[in-house]
Amino acid sequence: MPAFLLRSVYTPDGIGGLTRDGGTKRAEVVRKLVEDAGGQLLSMHFAFADDDTYVLCDLPDHRTAAALAIRIGAARGLRTRVTPLLTPAEVDEATRTQTDYTPPGD
């Protein structure tokens with residue numbers, strides 16, 4: 001199953017909900033969301049950085065990842081970015097894949 005990193009920033013409404021609910025409840029909501037989509041939550045962390053949350057999860061496919069990001073965004077509590085992740089073996093396979101490419105100016 002493909003892995004994804006979901007990075008999110010809380011909106012003012014989202015911060016209000018986090019303040020009321022606490023981090024543990026939000027993590028359970030995320031776990032249920034991912035599992036209901038057929039995935040597995042690998043980890044969730046809150047941070048003091050450019051992003052407020054980092055969620056590492058396995059999801060069935062890119063369409064499912066997009067659906068989660070759309071659903072989360074529509075709720076207006078978070079701005080979420082989804083990053084597909086590759087395993088080292090997938091990178092190995094990619095480096096062996098032949099492609100034709102002409103750089104600009106050539």
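Helices, meaning DSSP runs of H or I of at least four residues, and strands, meaning runs of E of at least two, are numbered here from the N terminus. What we have on the screen is a predicted model, in which local features need a pLDDT of at least 70 and side-chain atom pairs count only at pLDDT 80 or more, while totals for chains, interfaces and linings use all residues. Residues are numbered from 1 along each chain as its sequence is written, and side-chain values use heavy atoms, with hydrogens and water left out.

Let me start with the chain as a whole. Its secondary structure consists of four helices and four strands, and if you read along the sequence they come in the pattern β-α-α-β-β-α-β-α. The radius of gyration, taken over C-alpha atoms, is 17 Å, well over the 13 Å that the globule rule (2.2 Å times the number of residues to the power 0.38) gives for 106 residues, so the chain is more spread out than a compact globule. Taken along the principal axes, the C-alpha atoms fill a box of roughly 55 × 35 × 25 Å. Of the 106 residues, 26% count as buried, where buried means under 20% relative accessible area, exposed means over 50%, and partly exposed lies in between, with a 1.4 Å probe and protein chains only. If we take contacts, meaning heavy atoms within 4.5 Å, with a separation of 6 or more, then 63% of them in this chain are accounted for by residues 24 or more positions apart.

Now to helix α1, residues 12–21. Which of its residues are buried? They are Gly14, Gly17 and Leu18. These residues cover an arc of only 100 degrees around the axis, which puts them on the same side of α1; the arc is that of the directions from the helix axis to the C-beta atoms. The buried residues of α1 pack against β1 (3–10), α2 (23–36) and β2 (40–46), whereas on the other side of the helix Pro12, Asp13, Thr19 and Arg20 are exposed. After α1 comes glycine 22, with a positive phi near 85 degrees.

Strand β2 brings us to leucine 41, which sits in that strand and counts as buried because its relative accessibility is 8%. Leaving aside residues up to four places away in sequence, leucine 41 touches Ala27, Val30, Arg31, Val34, Val55, Leu56 and Cys57. Its C-alpha atom is separated by 7.5 Å from that of valine 55, which is 14 residues apart from it along the chain.

Leucine 59 is in the loop between β3 (53–58) and α3, and yet, at 0% relative accessibility, leucine 59 counts as buried. With the same exclusion of residues up to four places away, its contacts include Met1, Pro2, Phe4 and Val34.

Is leucine 86, by contrast, buried or exposed? Leucine 86, in the loop between β4 and α4 (88–96), has a relative accessible area of 61% and is therefore exposed. From C-alpha to C-alpha, leucine 86 and glycine 16 are 35 Å apart in space and 70 residues apart in sequence.

I will finish with arginine 76, in the loop between α3 (62–75) and β4 (78–85). Most residues other than glycine have a negative phi. Arginine 76, although not a glycine, has a positive phi of about 70 degrees, and at 63% relative accessibility it counts as exposed.
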